[in-house]
Amino acid sequence: MWGCGALLGARAGLRLCRELFLAWNRGWSAAAPYSASAEPSRVRALVYGHHGDPAKVVELKNLELAAVGGSDVHVKMLAAPINPSDINMIQGNYGLLPKLPAVGGNEGVGQVVAVGSSVTGVKPGDWVIPASAGLGTWQTEAVFSEEALISIPRDLPLQSAATLSVNPCTAYRMLMDFEQLQPGDCVIQNASNSGVGQAVIQIAAALGLRTVNVVRDRPGGTMVTYGGMAKQPVIASVSQLIFKDLKLRGFWLSQWKKDHSPAQFKELIVTLCGLISRGQLTAPACSEVPLQDYQRALEASVQPFVSSKQILTMC
């Protein structure tokens, strides 16, 4: 199998943010499952009112936090990355576009502050990630419906938790869904230094697969394209299609979620959390950027050959 994509990645910690939230969490008493507050609160959020250049249309604004309803969850965001899909959404050229004005961010991790009276799946102190794209994670806190969230173990490294629901999921599904790969088989990919590429290497190793990374020629097999930040067409020679039976396929995680049940996506998350806990899957190379310095992070994210994934920290 051949993987094709874009965006590069370098590593930085979120230790301070994690320590602050662990300290904050120690302040919890044995809280009852229901702890919703009707008191309004103000949050900082990165909002865009129309599509265009992210550096020009995204603004840091103060928003009023909605009251927590019976099936709602109040979440304090810890960290949220900037992915190519986030940039594409803001530009208006993605397959899924939220209603405007919108808060940016499709991925991230937060900690539950309060829950509504009918919420049973999460409790204050739990860590949660988005169940689907378009949730709006670039904000200090928010109120979401319970069904929009997935609970994850709190002992995961913060960077791994913040970047769990997009790149690793894409990598795992591409390895599992297109060819019946067996231990010892070889996976060839380009863009291997991207977030997805790094996840492919690690997950493949955990499955007993070999990888060949950063190659020039397309061999036979199945070529799976999951991203194209360069917005250039995929080109394959007729001889490879005929004589090597090269197959061209595409993969979009959002479509996979539409075609599968929420329970199946949760099962995927559980599988990946297990790999992280066993040290078989680590976060991509990252650089942390405070929320107020979002312009710097956005500018870095749209540069070619960026060497790190930008993660917005909410501390």
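In this predicted model, the buried residues of helix α5 are Asn 167, Pro 168, Cys 169, Thr 170, Ala 171, Tyr 172, Arg 173, Met 174 and Leu 175. That is 9 of the 11 residues of α5, so the helix is largely enclosed by the rest of the structure.

Two packed helices are described by the angle between their axes and the distance between the axes.

| Helix pair | Axes come within | Crossing angle |
|---|---|---|
| α5 (residues 167-177) and α6 (residues 195-206) | 8 Å | roughly 55° |
| α5 and α9 | 10 Å | roughly 100° |

Let's take α6 to begin with. The axes of α5 and α6 cross at roughly 55°, which makes α5 oblique to α6. The crossing of this pair is right-handed. On the α5 side, the residues that meet α6 are Asn 167, Pro 168, Thr 170, Ala 171, Tyr 172, Met 174 and Leu 175, and their partners in α6 are Gly 195, Val 196, Ala 199, Val 200, Ile 203 and Ala 204. Sorted by class, this contact has 10 nonpolar and 3 polar residues, with no charged residues.

Now turn to α9. With a crossing at roughly 100°, α5 and α9 are roughly perpendicular to each other. Pro 168, Cys 169, Tyr 172 and Arg 173 in α5 meet Phe 265, Leu 268, Ile 269, Thr 271 and Leu 272 in α9. This contact has 7 nonpolar, 1 polar and 1 charged residues.

One more spot is worth a visit. Asn 83 sits in the loop between β4 and α3 (84-91). Is Asn 83 buried or exposed? Its relative accessible area is 2%, so Asn 83 is buried. Leaving aside neighbours within four places in sequence, Asn 83 is in contact with Glu 107, Val 166, Asn 167 and Lys 309. Of these, Asn 167 is also one of the buried residues of α5.

Key. Residues are numbered from 1 along each chain as its sequence is written. This is a predicted model: local features need pLDDT of at least 70, side-chain atom pairs count only at pLDDT 80 or more; totals for chains, interfaces and linings use all residues. Side-chain values use heavy atoms; hydrogens and water are left out. Axes are lines fitted to C-alpha atoms, for helices over the stretch in contact, and angles run from 0 to 180 degrees between N-to-C directions. Helices (H or I, at least four residues) and strands (E, at least two) are DSSP runs, numbered from the N terminus. Angles under 35 degrees count as roughly parallel, over 145 as roughly antiparallel, 65 to 115 as roughly perpendicular and the rest as oblique. A crossing is left-handed if the near helix is turned anticlockwise from the far one by less than a right angle, and right-handed if clockwise. Contact means heavy atoms within 4.5 Å. Ala, Val, Leu, Ile, Met, Phe, Trp, Tyr, Cys and Pro count as nonpolar, Asp, Glu, Lys and Arg as charged, and the others, Gly among them, as polar. Buried means under 20% relative accessible area, exposed over 50%, partly exposed in between (1.4 Å probe, protein chains only).
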